[in-house]
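Biologist: Please take me through this model slowly, and tell me how each term is decided before you use it.

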Amino acid sequence: FRQQLDSAGYPYEYYENDSYFYIDTPVGKWKIDTVTNPIKLEHINLVNNPHAKKYHEQPRLFLSFTDTFDYIKRHDESLAERKEKGRVFVKFFSQP
């Protein structure tokens with residue numbers, strides 16, 4: 001799994017005491033629960049909401065880390081492509 005992340009050039013972090021694997025892509029942040037089976041995945045979409053801090057749960061479950069990575073790669077490549085073509089909607093929030 002780490003080899004796939006390295007080959008894609010995605011920075012990642014894993015802390016033994018946390019149970020989550022954190023992945024950054026150019027257009028998003030991902031949090032993979034390494035304890036649950038099936039695997040749960042959470043996401044921050046930095047294209048639609050560039051200042052978001054809170055993850056939202058993906059409405060899918062995965063049976064392996066390879067399946068999870070494949071989904072992340074497809075999802076964010078598609079999002080990056082839509083961003084380049086100007087086909088995304090950005091949410092703007094005012095800060096107090």
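Modeller: Helices and strands here are DSSP runs, numbered from the N terminus: a helix is a run of H or I with at least four residues, and a strand is a run of E with at least two. The model is predicted, so local features need pLDDT of at least 70 and side-chain atom pairs count only at pLDDT 80 or more, while totals for chains, interfaces and linings use all residues. Residues are numbered from 1 along each chain as its sequence is written, and side-chain values use heavy atoms, with hydrogens and water left out.

Biologist: Which pattern does the protein follow when it is read along the sequence?

Modeller: There are two helices and five strands in the protein, and along the sequence they follow the pattern α-β-β-β-β-β-α. Just after α2, G86 takes a positive phi of about 75 degrees. S19, in the loop between β1 and β2, also has a positive phi, near 75 degrees, although S19 is a residue other than glycine. In the loop between β3 and β4 lies P38, which is joined to N37 by a cis peptide bond with omega at about 5 degrees.

Biologist: Why do β1 and β5 stand at the edges?

Modeller: The five strands form an open sheet with antiparallel pairing, in the order β1-β2-β3-β4-β5. β1 (12-14) and β5 (56-62) each have a single partner strand, so one side of each is left without a neighbour in the sheet.

Biologist: Why is Y55 called partly exposed?

Modeller: A residue is buried under 20% relative accessible area, exposed over 50%, and partly exposed in between, using a 1.4 Å probe and protein chains only. Y55 has 21% relative accessibility, so it counts as partly exposed. Y55 is found in the loop between β4 and β5, and its C-alpha atom is separated by 7.8 Å from that of K31, 24 residues apart along the chain. With contact meaning heavy atoms within 4.5 Å, Y55 touches Y22, K29, W30, K31, E42, H43 and I44, not counting residues up to four places away in sequence.

Biologist: What makes β4 largely enclosed by the rest of the structure?

Modeller: Five of the seven residues of β4 are buried, and therefore the strand is largely enclosed. In the protein, buried residues make up 31% of the 96 residues.

Biologist: How do you know that the buried residues of α2 line one face of the helix?

Modeller: The buried residues of α2 are T68, F69, Y71, I72, D76 and L79. Seen down the axis of α2, they fall within an arc of 160 degrees, so they line one face; the arc is that of the directions from the helix axis to the C-beta atoms. What covers them includes α1 (2-8), β2 (20-25), β3 (28-33), β4 and β5.

Biologist: What span does α2 reach from its first C-alpha to its last?

Modeller: The expected span of a helix is 1.5 Å times one less than its number of residues. Helix α2 (residues 65-84), with 20 residues, reaches 28 Å, close to the 28 Å expected.

Biologist: Which residues make up the largest nonpolar core?

Modeller: A nonpolar core is a set of buried Ala, Val, Leu, Ile, Met, Phe, Trp, Tyr and Cys residues joined through side-chain atoms within 4.5 Å. The largest one has 12 residues: L5, Y10, F21, I23, W30, I32, I39, L41, F62, F69, Y71 and I72. At least two residues of this core come from each of β2, β3, β4 and α2, and α2 gives the most, with three. L5 touches Y10, Y12, F21, I23 and F69, leaving aside residues up to four places away in sequence. In soluble globular proteins, nonpolar side chains tend to be buried together.

Note on methods. Pairing = 2+ DSSP bridges.
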